[in-house]
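Here's a quick briefing to read alongside the model. Have the viewer open as you go through it.

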Amino acid sequence: MKLLQNKVAELFENGTINLMIGFKEALTKQPVPCFIEKASEIEQLIYTKDCKNNLSVYLHKPEVKQAGKIGILANIATLRALVQLTSENQFWDIEKTVLTVNDKEEVIVFSDMEEVEAYVQANFPEFSEEDLKLLDYLESLSREDRWKYWTEQFSACIKCYACRAVCPMCYCPQCTVECNQPQWIKTSAQTTGNLEWHIMRAMHLAGRCINCGECGRICPVGIPVHLLTVKMNQDLFKEFGTKSGFALKGDYALNSFKPDDKEGFIK
Ligand code: SF4
Ligand code: SF4
């Protein structure tokens, strides 16, 4: 841990960063995000395999952006999110320094996003076994039973929007669910409106979700909401060979079209 803390202290001292987003210990087993603004706070900084949060979500926050020069301690999911967000031109207004700790516990300070991209491509994670198991189970159901499964799951949704808040790919300044003129989606938690919310959310994330699983992990009522986008990512890879959070100049399936596409509606 000392290596990491020393490296971050160096970045503060030489003026590379004036805010560090990282992890600190908590009462729970899982470390929690922390925001370090001065060298005297660096001792709380840790990194372990239990550091699961995708910290890239904080780079959208105005109060974080105003720091200007931001360091971020990234696990592989965060690195993927940074690659995807860079491909979506989301970091034009901040200077960021990206760090990670590899399997040999070496601290890596990336000099640019091309280095992050190369690291991600060399360490690209598989889908989690737990997710694949549940997806296989859902695939084995009839269409009617699958529909029943998801409508039951969504009827439990309390529309707290924690799944949206935690997602680095949900960064619109105003979400469609908060528009009331016209009101596309009912604001109260009820089965029909809940279904619309989740379908809308999944479609906006198709081919952009980087499978961090944060939305499913954070849901207070235990809906495995991340499986919708994981499933779409699987299908997009199968149909188009694309992977989200993989390349800075990614040819993402829903961002591009071919003039000679066999589907006429595209013209
Ligand atoms: S976190 Fe769970 S309960 Fe909250 S809006 Fe998302 S799916 Fe619904
Ligand atoms: S897994 Fe969930 S939180 Fe993570 S990028 Fe995909 S939709 Fe967002």
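On the domain 1 side, Arg-80, Gln-84 and Glu-88 supply 31% of the area buried against domain 2, more than any other three residues. Keep in mind that this is a predicted model. The domain assignment puts domain 1 at 2–122 and domain 2 at 129–255.

**Domain 1 against domain 2**

- Taken over C-alpha atoms, the centres of domain 1 and domain 2 sit 26 Å apart.
- In terms of contacts, 22 residues of domain 1 touch 20 residues of domain 2.
- Ten residue pairs are in polar contact between domain 1 and domain 2, with both partners at pLDDT 80 or more.
- Two elements give two or more residues to the side of domain 1 that touches domain 2: helix H3 (76–87) and helix H4 (113–122).
- H3 hands over the largest share of that side, eight residues.
- Sorted by class, the side of domain 1 that touches domain 2 comes out as seven nonpolar, ten polar and five charged residues.
- How many salt bridges are there between domain 1 and domain 2? The count is one.
- Arg-208 and Glu-88 form a salt bridge, with their closest N and O atoms 2.9 Å apart. Glu-88 also belongs to the trio, with Arg-80 and Gln-84, that supplies 31% of the area domain 1 buries against domain 2.

- You'll find His-60 in the loop between strand E2 (32–36) and helix H2 (62–65).
- Is His-60 buried or exposed? His-60 has a relative accessibility of 17%, so it counts as buried, the cut-off being under 20%.
- A polar atom of the His-60 side chain lies 2.7 Å from the backbone oxygen of Pro-168.
- Setting aside neighbours within four places in sequence, the contacts of His-60 are Lys-65, Leu-85, Pro-168 and Tyr-171.

**Leu-19 in strand E1**

- Leu-19 is part of strand E1 (residues 19–24).
- Relative accessibility is 7% for Leu-19, which therefore counts as buried.
- Which residues does Leu-19 touch, not counting those up to four places away in sequence? They are Phe-12, Phe-35, Ile-36, Glu-37, Val-64, Ala-67, Lys-69, Ile-70 and Gly-71.
- For a distance check, Leu-19 and Lys-249 are 230 residues apart in sequence and 28 Å apart in space, C-alpha to C-alpha.

**Salt bridges across the whole structure**

- A search of the whole structure turns up ten salt bridges. As background, side chains of opposite charge can pair when their charged atoms come close.
- Within helix H1 (residues 2–13), Glu-10 and Lys-7 are three residues apart, about one turn of the helix. Glu-10 and Lys-7 form a salt bridge, and their closest N and O atoms are 3.5 Å apart.
- Both ends of that pair are partly exposed: Glu-10 has a relative accessible area of 38%, and Lys-7 has 26%.
- Lys-65, one of the contacts of His-60, meets Asp-93 in a salt bridge at 3.1 Å, N to O. Lys-65 lies in helix H2 and Asp-93 in the loop between H3 and strand E4 (95–101), so this pair ties together parts that are 28 residues apart in sequence.
- Lys-65 is partly exposed, with a relative accessible area of 22%, and Asp-93 counts as partly exposed at 31% relative accessibility.
- Another salt bridge joins the side chains of Arg-164 and Glu-178, at 2.8 Å from N to O. Why does this pair tie together parts that are 14 residues apart in sequence? Because Arg-164 lies in helix H7 (residues 162–165), while Glu-178 is in the loop between H7 and helix H8 (191–205).
- Arg-164 is buried, with a relative accessible area of 18%, whereas Glu-178 counts as partly exposed at 41% relative accessibility.
- Glu-139, Lys-231 and Asp-235 are linked in a network of salt bridges.

Technical notes: Residues are numbered from 1 along each chain as its sequence is written. Chains are lettered from A and ligands numbered from 1 in the order in which they are written. This is a predicted model: local features need pLDDT of at least 70, side-chain atom pairs count only at pLDDT 80 or more; totals for chains, interfaces and linings use all residues. Side-chain values use heavy atoms; hydrogens and water are left out. Domain bounds come from an automatic or database domain assignment. Contact means heavy atoms within 4.5 Å. Buried area is the accessible area (1.4 Å probe) that two parts lose on being put together, summed over both. A salt bridge is a side-chain nitrogen of Lys or Arg within 4 Å of a carboxyl oxygen of Asp or Glu. A polar contact is a pair of N or O atoms within 3.5 Å; within protein, one must be able to donate a hydrogen and the other to accept it, and residues adjacent in sequence count only if both atoms are side-chain atoms. Helices (H or I, at least four residues) and strands (E, at least two) are DSSP runs, numbered from the N terminus. Ala, Val, Leu, Ile, Met, Phe, Trp, Tyr, Cys and Pro count as nonpolar, Asp, Glu, Lys and Arg as charged, and the others, Gly among them, as polar. Buried means under 20% relative accessible area, exposed over 50%, partly exposed in between (1.4 Å probe, protein chains only).
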